[in-house]
Amino acid sequence: MFQTLYSYFWWERLWLPANLTWADLEDRDGRVYAKASDLYITLPLAFLFLVVRHLFETYVATPLAGLLNVKEKVRLKATPNAVLEKFYAATSKHPKQADVEMLSKKSGCTVRQVERWFRRRRNQDRPSLLKKFREASWRFTFYLIAFIAGMAVIVDKPWFYDLREVWKGYPIQSMLPSQYWYYMIELSFYWSLLFSIASDVKRKDFKEQIIHHVATIILISFSWFANYIRAGTLIMALHDSSDYLLESAKMFNYAGWRNTCNNIFIVFAAVFIITRLVILPFWIMHCTVFYPLDLYPAFFGYYFFNFMMVVLQSLHIFWAYLIIRMAQKFITGKVVEDERSDREETDNSEEEEEAAKNGPLSNGHPILNNNHRKTD
């Protein structure tokens, strides 16, 4: 059965245009072609990336955070309470008013004490500023190096200037060593992101991030199998062109350099919109959708590749919406926060007690100061 499934999976009609077989892509006359077995190395490289990341965050990002004076906010810990902890872990981190009153009776705490306990307990689970800075530093470093390396790989190639060259001679296009390593490193990095996503800082677009990583891994792998390498290198370099700007803006934000952060974010927004909403759909996707049909009839690989491109483009539109919302806050002078971030809740027990005695009330509860700092 395994052999049958293997045969169906690697059926030439799924991956290659009509009248072509895998034999046409065998190495000969000094010309080397992409092979599926090449990608086996990406899994051990992904774990190597995790090790390098740990060392980088420990010995580079952490000292850098100290130099930039990245400071943690003092977080008040929730007092141990078995009743509240059980509800927090098993039922909800955000109890409704009826639940708060019920927990107040069961735990022997006042309603305000229960509310304060849940605020502090949620804050304990939120990632620290140092963790966010270290993560952003690692991604900034990789994306910047990857973008520079990617441009070095493609800038002297004819298909960088004329997209019709992407398909010239396809699929009989030999692979260059620089293309091999560019693919292996990019794919390994995205595998490492997928492996570490459970422990990384979680944001509101957590599900979209998983979809993005999986779609990217599938797209890179498939483009390698089907020898879409020229198109693949263009797509990867295009994505890396804006990512390092976002991560650097985060780093300066965590360091409290708001003006620098805001200026970099404006540049990032412009680059993101131009590359992801203009160049990618109207140049790159136009190239992958229309130009191949001049050479071969559409086949399964053609449809699958472009379907995955549509998935990525849909995510770009979603993120562009969040970016534009943030840009509007810049223009109107409002406090700018990452739309994907989980805000840290303000909780000062002394101010609450004072407000309870002297301050105004709203629905029987003191009005609290909820001016949050930008957390991402």
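Q: Which residues does the UniProt annotation "transmembrane region" cover?
A: In the unreviewed UniProt entry, that annotation covers residues 39–56, 140–160, 210–229, 264–284 and 304–324, and the structure on which we place these spans is a predicted model.

Q: What are the helix content and the end-to-end C-alpha distance over residues 304–324, and what are they over residues 39–56?
A: Residues 304–324 are 100% helix and 0% strand, with their end C-alpha atoms 30 Å apart, while residues 39–56 are 83% helix and 0% strand, with their end C-alpha atoms 25 Å apart.

Q: How are two packed helices described, and at what angle do helix 9 and helix 10 pack?
A: Two packed helices are described by the angle between their axes together with the distance between those axes. Here helix 9 (residues 177–196) and helix 10 (residues 206–225) pack at about 155 degrees, and their axes are 9 Å apart. Because angles over 145 degrees count as roughly antiparallel, helix 9 is roughly antiparallel to helix 10, and the crossing is left-handed.

Q: Which residues meet where helix 9 and helix 10 touch?
A: Helix 9 contributes residues including Tyr183, Leu187, Tyr190 and Trp191, and these meet a set in helix 10 that includes His213, Ile217, Ile220 and Trp224. By class, this contact has twelve nonpolar, six polar and no charged residues.

Q: Is Asp243 buried or exposed, and which residues does Asp243 touch?
A: Asp243, which is found in helix 11 (residues 229–254), counts as buried because its relative accessibility is 15%, where the cut-off is under 20%. Leaving aside residues up to four places away in sequence, Asp243 touches Tyr143, Tyr190 and Arg276.

Conventions
Residues are numbered from 1 along each chain as its sequence is written. This is a predicted model: local features need pLDDT of at least 70, side-chain atom pairs count only at pLDDT 80 or more; totals for chains, interfaces and linings use all residues. Side-chain values use heavy atoms; hydrogens and water are left out. Helices (H or I, at least four residues) and strands (E, at least two) are DSSP runs, numbered from the N terminus. Buried means under 20% relative accessible area, exposed over 50%, partly exposed in between (1.4 Å probe, protein chains only). Contact means heavy atoms within 4.5 Å. Axes are lines fitted to C-alpha atoms, for helices over the stretch in contact, and angles run from 0 to 180 degrees between N-to-C directions. Angles under 35 degrees count as roughly parallel, over 145 as roughly antiparallel, 65 to 115 as roughly perpendicular and the rest as oblique. A crossing is left-handed if the near helix is turned anticlockwise from the far one by less than a right angle, and right-handed if clockwise. Ala, Val, Leu, Ile, Met, Phe, Trp, Tyr, Cys and Pro count as nonpolar, Asp, Glu, Lys and Arg as charged, and the others, Gly among them, as polar. UniProt positions are given in the numbering used here, feature names are shortened, and annotations may be inferred rather than shown by experiment.
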